[in-house]
Amino acid sequence: MGETITFWVLAVVSVGAALGMVFNRKAVYSALMLGSVMLCLAVLYAVQDAPFLAAVQIIVYTGAVMMLFLFTLMLVGVDSSDSLVETLRGQRFWAAIAGIGFATLIVLAIGNAVFAGQTGLAAATAQGGNVRSVALLLFTKYVFAFEVTSALLITAALAAMVLAHRERLTEKATQKDLSRARFRGDRPSPLPGPGTYARNNAIDMPALLPDGSVAEDSVNRYIARYDVEHDHLPEDPKLAEAIQHKAEEESK
């Protein structure tokens, strides 16, 4: 009874997540939906007394492949509007061929599961347990498919590195170059921090330089604009003037 309830609950969740993955317009959300489907499959494996497959499903696919997808999407940056420009010639034709082949494999797998005779869990794990039986099948009957899958995962990792790579148009500035540019500029010293040499340590108060003058660069421009718009200026006329001047620069 518990197995049946678990199956129907996870079936609804996995199918809903699969539909969300297909019809969602944002790639990051689609990847998260795919992760939900993989977690549901792992739980179903565990319910069917297949702890090895459940662990592999979580560790390899959900933990490794899905994180690879998410990190690639975060590094590359995918816009919500997809580009319709075909960058590779013939990619739609080969994508159609691959889709037809994948659909054929799905039909054959479903037909084999429906019309083939049931082996049973006891007969499938009769060669020394669950893990040993899976290992024998992976490295004997399905060794080619296993190696192709490993090559596919390596290709996915290399593709993530290629997509995340950015060509540098100029040479990277060294610490020596940055120091020279800093001392040749208008301000070789760092900008004064908020509250430094000030009467209080509030971030919206300008700092005071050693000569007693107000350092306008120490005021955050967003906070200055907020203070002017909401009339939260300090009583000191010099500080108020500095904040107003910073807000005027932000509005230009």
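**Note on the helical region around α2**

1. Asp 49 is exposed, with a relative accessible area of 54% (exposed is over 50%, buried under 20%, partly exposed in between; 1.4 Å probe, protein chains only). The backbone of Asp 49 has a positive phi of about 60°, although the residue is not a glycine. Asp 49 sits in the loop between α2 and α3.

2. The model is predicted, with local features requiring pLDDT of at least 70 and side-chain atom pairs pLDDT 80 or more, while totals for chains, interfaces and linings use all residues. Residues are numbered from 1 along each chain as its sequence is written, and side-chain values use heavy atoms, without hydrogens or water.

3. The protein chain has 10 helices and two strands (DSSP runs numbered from the N terminus: H or I of at least four residues, E of at least two). Their order along the sequence is α-α-α-α-α-α-α-α-β-β-α-α. Of its 252 residues, 17% count as buried.

4. Helix α1 (residues 2–23) packs against α2 at an angle of about 160°, and their axes are 8 Å apart (lines fitted to C-alpha atoms over the stretch in contact, angles from 0 to 180 degrees between N-to-C directions). The angle makes α1 roughly antiparallel to α2 (over 145 degrees; under 35 is roughly parallel, 65 to 115 roughly perpendicular, the rest oblique). The crossing of α1 and α2 is left-handed (near helix turned anticlockwise from the far one by less than a right angle).

5. Ala 42, in helix α2, is buried, with a relative accessible area of 2%. The C-alpha atom of Ala 42 is separated by 9.1 Å from that of Thr 62, a residue 20 positions away along the chain.

6. Leu 41 also belongs to helix α2, but is partly exposed, at 33% relative accessible area. Together with Tyr 45, Phe 52, Leu 53 and Val 131, Leu 41 forms a nonpolar surface patch of about 370 Å² accessible area (Shrake-Rupley, 1.4 Å probe). Helices α2 (27–47) and α3 (51–76) are the elements giving two or more residues to this patch. Nonpolar patch members have over 30% relative accessible area, no salt bridge, and side chains joined within 5 Å; a salt bridge is a Lys or Arg side-chain nitrogen within 4 Å of an Asp or Glu carboxyl oxygen.

Definitions and conventions. Patch = residues over 30% accessible without salt bridge, like charges linked within 9 Å, V, L, I, M, F, W, Y side chains within 5 Å.
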